[in-house]
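Thanks for asking me to look this one over.

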Amino acid sequence: MTDADLVFTHGPIHTGDAARTRATSLAVTGQRITAVGHDEVRQLIGPGTEVVDLTGRLLLPGFQDAHVHAVYGGSELAGCDLTGTVGVADYLERIRAYAEANPEQAWITGSGWSMESFDGGLPSRRLLDSVVPDRPVYLTNRDHHGAWANTRALELAGVTRDTPDPADGRIEREADGTPGGTLQEGATALVARLVPPATAAERLAGLLRAQRLLHSLGITGWQDALLGEFNGQPDPSDAYLAAARAGTLTARVTGALWWDRERGSEQIPELVARRSELSHGRFRAGSVKIMQDGIAENFTAAMTSPYLDGCGCATANSGLSFVDPLALRGHVTELDALGFQVHFHALGDRAVREALDAVEAARAANGWRDTRHHLAHLQVVHPQDVDRFARLGAIANIQPLWAAHEPQMDELTIPFLGPERAAWQYPFGALQRAGATLAAGSDWPVSSPDPLAGLHVAVNRMEPGASDGRVFLPEQRLDLASAIAAYTAGSAHVNGHDDAGVLAAGRLADLVVLDRDILTAPAAEIADARVLRTYVGGELVHAAD
């Protein structure tokens, strides 16, 4: 009998394995789990074995994030960070202080402002002018579907009252047609194209900064949801490839290659070439990201019926389908035949239906292939489409943190959807009951990458610390074991990491140790837990101080 390298004793251990959900001991040799059980596992302890006593602490499969923008998130941590507050005065003070601390920067850039902070969700250029009048300022909002620019930035970009809205976006305007300072969706590129791009070294530093953060949250692998140039942002692919070649990429990463929505199937040979070029070590790029629509808060999510106005009357706007739905079916069928996974951004119920129609077309043309297509976000799902996920093998990629009452939901979304459609939002429970496979992600830096916060909302349908007691669509709550499965086995499946996500002999030793057993603690305390240790392939990649 060979001694193990690492043994965890005195569990609790939540395995995620239906045959044995709980254990008290687990052994690791090399990169893999060699035994899961109880006291008999202690026989593998030898003189060189590291023993971790779990008394009072929980061992889980490592979390995986099925939809994250790690390089962007890590890079933004070094910029003007507006997260953690919704106060306009706070925003302006942070911007002013950042500009004063960085006098050498030609542009002031950053991210993290929230639409709820401004009347109608639309910040004015004049506010930015009041703190930085002499340099261009360009700040993306927390969901990265909009941007706030000052007058100088708009002038440099040549955006005037005569500038038409792009087909995939909107310039918000003052009463006389002058650009007001808020740019939506594709209109952000009008200014973003002028922002000095991050250097390769800065992108790599951003990735490594993000990796440290994600490991500290128990995340052992992820899918980067956008590899390519987008709205003036440089392609982050080189950072992953550099880290993979240098051996500094400790996480397991799948990359989703960006589908240029201004082009068609002629780009597919380029995607095939990039898939080959960008696969090295723990990094591979076998997915293609198709953004089918926008977001509900700025009325660009594609809906089957029109948005309402402030008086509750139907408007003429049902949102945007960025890729023609009929063409989408052909593109997905061709990608599926080539073995690509398709990673859809599908937020409105029309976009969800269009994506499912495309998956159905691929299944009809190619038969059932193990391509694991998945639809991310799923804010509004028509009840008629819920059962189609399981039938088509389309994975529901959920972002649990968004399924709660908060100002952006209550003030900028529900009134413009109406009560019937608002009740179709984030139907996690319905999808699970219909047999859909659930994977979970964060969309960081859009929202927190913390899986424990996501688990909290998936189970409680309330934000951590919420004091008003309002539960958002309680029938859509998940039980904690199912939510954990979405963040572990479900996301490992969608990311193609078949040897991870479950604690069983022979599986990869991707593990996380929490400071408490969240499965026996009150549900209201899930988000209070903290990660103590994270392992990837048996290697310790994070230890709490």
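Predicted model: local features only at pLDDT ≥ 70, side-chain atom pairs only at ≥ 80, totals over all residues.

1. Arg 22 belongs to strand 3, residues 20-23. Leaving aside residues up to four places away in sequence, Arg 22 touches Pro 12, Ile 13, His 14, Thr 15, His 38, Leu 58, Asp 517, Leu 519 and Thr 520. Cys 80 lies 58 residues from Arg 22 along the chain, and their C-alpha atoms are separated by 45 Å.

2. Leu 58, one of those contacts of Arg 22, leads us to the next stop. Leu 58 stands opposite Leu 514 in strand 22. Strand 7 (residues 58-61) and strand 22 run antiparallel and are joined by 4 bridges. Strand 22 also pairs with strand 23 (residues 531-536), again in the antiparallel sense and over 4 bridges. In that pairing, Val 513 stands opposite Arg 533 in strand 23.

3. How are the two faces of strand 22 (residues 511-514) placed? Both are covered: Leu 511 and Val 513 are buried on one side, and Val 512 and Leu 514 are buried on the other.

4. Helix 16 (residues 451-460) is worth a look next, as 10 of its 10 residues are buried. They run from Pro 451 to Asn 460 and include Gly 454 and His 456. What do these buried residues pack against? Their partners are strand 8 (63-68), strand 15 (219-227), helix 17, strand 22 and strand 23.

5. Asn 495 sits in the loop between helix 17 (480-494) and strand 22. Is Asn 495 buried or exposed? Its relative accessible area is 0%, under the 20% limit, so Asn 495 counts as buried. Not counting residues up to four places away in sequence, Asn 495 touches Gln 64, Asp 65, Ala 66, Gly 221, Trp 222, Gln 223, Thr 254 and Arg 284. Ser 130, by contrast, is 365 residues from Asn 495 in sequence and 45 Å away in space, C-alpha to C-alpha.

6. Now for a helix pair. Helix 6 (residues 200-216) and helix 7 (residues 237-246) pack at an angle of about 70°, and their axes are 8 Å apart. That angle makes helix 6 roughly perpendicular to helix 7, and their crossing is right-handed. On the helix 6 side the contact uses Ala 200, Arg 203, Leu 204 and Leu 207, which meet Asp 238, Ala 239, Tyr 240, Ala 242 and Ala 243 in helix 7. By type, the residues of this contact are 7 nonpolar, no polar and 2 charged.

7. Finally, please look at the open sheet of 6 strands, which has the order 9-10-11-12-14-13 and mixed pairing. Its edge strands are strand 9 (80-81) and strand 13 (169-173), each of which pairs on one side only. Inside the sheet order, strand 10 (residues 108-113) pairs with strand 11 (residues 137-141) in the parallel sense over 5 bridges, and Trp 113 stands opposite Asn 141 in strand 11. Helix 2 (residues 88-101) packs on the sheet, touching strand 9, strand 10, strand 11 and strand 12 (146-149). The direction of helix 2 makes about 155° with that of strand 10.

Key: Residues numbered from 1 in each chain as written. Heavy atoms only, no water. Axes fitted to C-alpha atoms, helices over the stretch in contact; angles between N-to-C directions. Parallel < 35°, antiparallel > 145°, perpendicular 65-115°, else oblique. Left-handed = near helix turned anticlockwise from the far one by under 90°. Contact = heavy atoms within 4.5 Å. Nonpolar A, V, L, I, M, F, W, Y, C, P; charged D, E, K, R; others polar. Buried < 20%, exposed > 50% of the residue type's maximum accessible area, 1.4 Å probe, protein only. Pairing = 2+ DSSP bridges.
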